[in-house]
Amino acid sequence: MTTHVTRRRFNVAVAAALATPVAFAQDWPAKPIRIIVPYPPGGFTDTTARLVGQKLQERLGQTVLVDNKPGANGTIGVAELARSAPDGHTFAIVIAAHAANPSLYAKLPYDMRDLAAVSLIGVSPLVAAVSKDAPFKNAQELVAYAKRNPGKVSFGSSGNGAAAHLTTELLKSLTQSDMVHIPYKGAAAALQDLMGGQIQLLFDAASGLINPGKAGQVRLIGVAAERRLPMLPDVPTFIEQGIAGFIGSTWAGLLAPARTPPAIIKRVSEEVSRIVRLDDVQSRLEGMGTLPAGSTPEEFAAFIDAESAKWGKVIREAKVKLD
């Protein structure tokens, strides 16, 4: 009889343990949800977080708060996420730098295993702009000029290891051309020097270049993507211009602390996929040069792994160092 009672209690305990994540998910969200943004207010990541956060608030019936924690190429905010309770009430939005950081830093303030992928929100292919007086008007002419004149083409970025920097390093590698990197403290400063002719090339998200391009202050010569952008239908891809395999972008995706109940991660992933397909959200994202995505947690995890491998190789071969 004792054995029977013991087994019965054991079975009840196991059943309760197995049921806990489901029951927990059914009670969720029990308090306001926080989305950590590892960058300052007003930029691409912050805007995306607030857009998605507002829709999540409407769909979940719970307050969603955006909390900016900028610094160290996004690692400060991600470290805070990794330390957060895995109760489904804290998330973070990360961008392409997240995949590059393991190769840029000798030691990160978190372990990538302490993070769980939730969903890819959108991808922003980078666009190449050249100064209006540059002696090249398309990608082929740029590469040919850089080969004939090693070190005479200077390109800007928002800093060492930024998406624009790594994308240009990839272009150099694929074309065996020689260009000089000039890091800036932000893309806006780099754009000013591009318009002034101090540098000749800059990759950036379409949202930052479309107006200067329309005003004739810079010339847009190519998109680092498989297909043209809806907002820039007249700008060809680099692949169209003969540079096979040249793809570079920034992107935004949602992470959670590891050990967050799978049922909650699945629910949030499904909500994000629905949100990015809403007409008003899709219009806002595309207006920023972002192609709406939406993915399963497994798909986003595989995407991050592929991005980490791709940019890690570029970082090692180009010997990219942080400031």
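Before I start, one term for my notes: rings of Phe, Tyr and Trp (its six-membered ring) form a pair if their centres lie within 6.5 Å. With that in hand, I found that ring pairs link F203, F238 and F246 into a cluster.

**Entry: getting my bearings**

I am looking at a predicted model. I checked the confidence and found that the chain averages a pLDDT of 91, with 92% of the residues scoring at least 70. I counted up the secondary structure next, which comes to 11 helices and 10 strands. I also looked up the box that the C-alpha atoms fill, and along the principal axes it is roughly 90 × 40 × 30 Å.

Of the 323 residues in the chain, buried ones make up 52%. I then turned to contacts with a separation of 6 or more, and 77% of these come from residues 24 or more positions apart.

**Entry: where to be careful**

Which element has the lowest mean pLDDT? I noted that helix α1, residues 2–27, holds that place with a mean of 47. Strand β1, residues 33–37, sits at the other end with the highest mean, 98. I also saw that pLDDT stays under 50 over residues 1–24. For that stretch, the model has three contacts beyond four places in sequence.

**Entry: back to the rings**

I searched the whole structure for aromatic pairs and got seven.

Where do F203 and F246 lie? I placed F203 in strand β7 (residues 201–205) and F246 in the loop between β8 (218–223) and β9 (249–257). The pair therefore ties together parts that are 43 residues apart in sequence.

Buried or exposed, I wondered about F203? F203 is buried, with a relative accessible area of 1%. F246 is buried too, at 0%.

I moved on to helix α6 (residues 163–175) and helix α11. Their axes come within 10 Å and cross at roughly 70°. Angles of 65 to 115 degrees count as roughly perpendicular, so α6 and α11 are roughly perpendicular to each other.

I listed who makes the contact. From α6 come L166, T167, E169, L170 and S173. From α11 come K310, W311, V314, I315, E317 and A318. Sorted by class, I have six nonpolar, two polar and three charged residues in this contact.

**Entry: S154**

I found S154 in strand β5, residues 153–157. Its relative accessible area is 11%, under the 20% cut-off, so S154 is buried. What does S154 touch, leaving out residues up to four places away in sequence? I wrote down V180, I182, Q198, I199, Q200 and L201.

**Entry: G294**

My last stop was G294, in the loop between β10 (291–292) and α11 (297–318). G294 counts as buried because its relative accessibility is 18%. Not counting residues up to four places away in sequence, I saw G294 touch S119, L120, I121, S273, V276 and R277.

I also looked up how G294 stands to V223. The two are 71 residues apart in sequence, and their C-alpha atoms are 22 Å apart in space.

Notes:
Residues are numbered from 1 along each chain as its sequence is written. This is a predicted model: local features need pLDDT of at least 70, side-chain atom pairs count only at pLDDT 80 or more; totals for chains, interfaces and linings use all residues. Side-chain values use heavy atoms; hydrogens and water are left out. pLDDT is the predictor's confidence in each residue, from 0 to 100. Helices (H or I, at least four residues) and strands (E, at least two) are DSSP runs, numbered from the N terminus. Contact means heavy atoms within 4.5 Å. Buried means under 20% relative accessible area, exposed over 50%, partly exposed in between (1.4 Å probe, protein chains only). Rings of Phe, Tyr and Trp (its six-membered ring) pair if their centres lie within 6.5 Å; planes under 30 degrees apart count as stacked, over 60 as edge-to-face and the rest as tilted. Axes are lines fitted to C-alpha atoms, for helices over the stretch in contact, and angles run from 0 to 180 degrees between N-to-C directions. Angles under 35 degrees count as roughly parallel, over 145 as roughly antiparallel, 65 to 115 as roughly perpendicular and the rest as oblique. Ala, Val, Leu, Ile, Met, Phe, Trp, Tyr, Cys and Pro count as nonpolar, Asp, Glu, Lys and Arg as charged, and the others, Gly among them, as polar.
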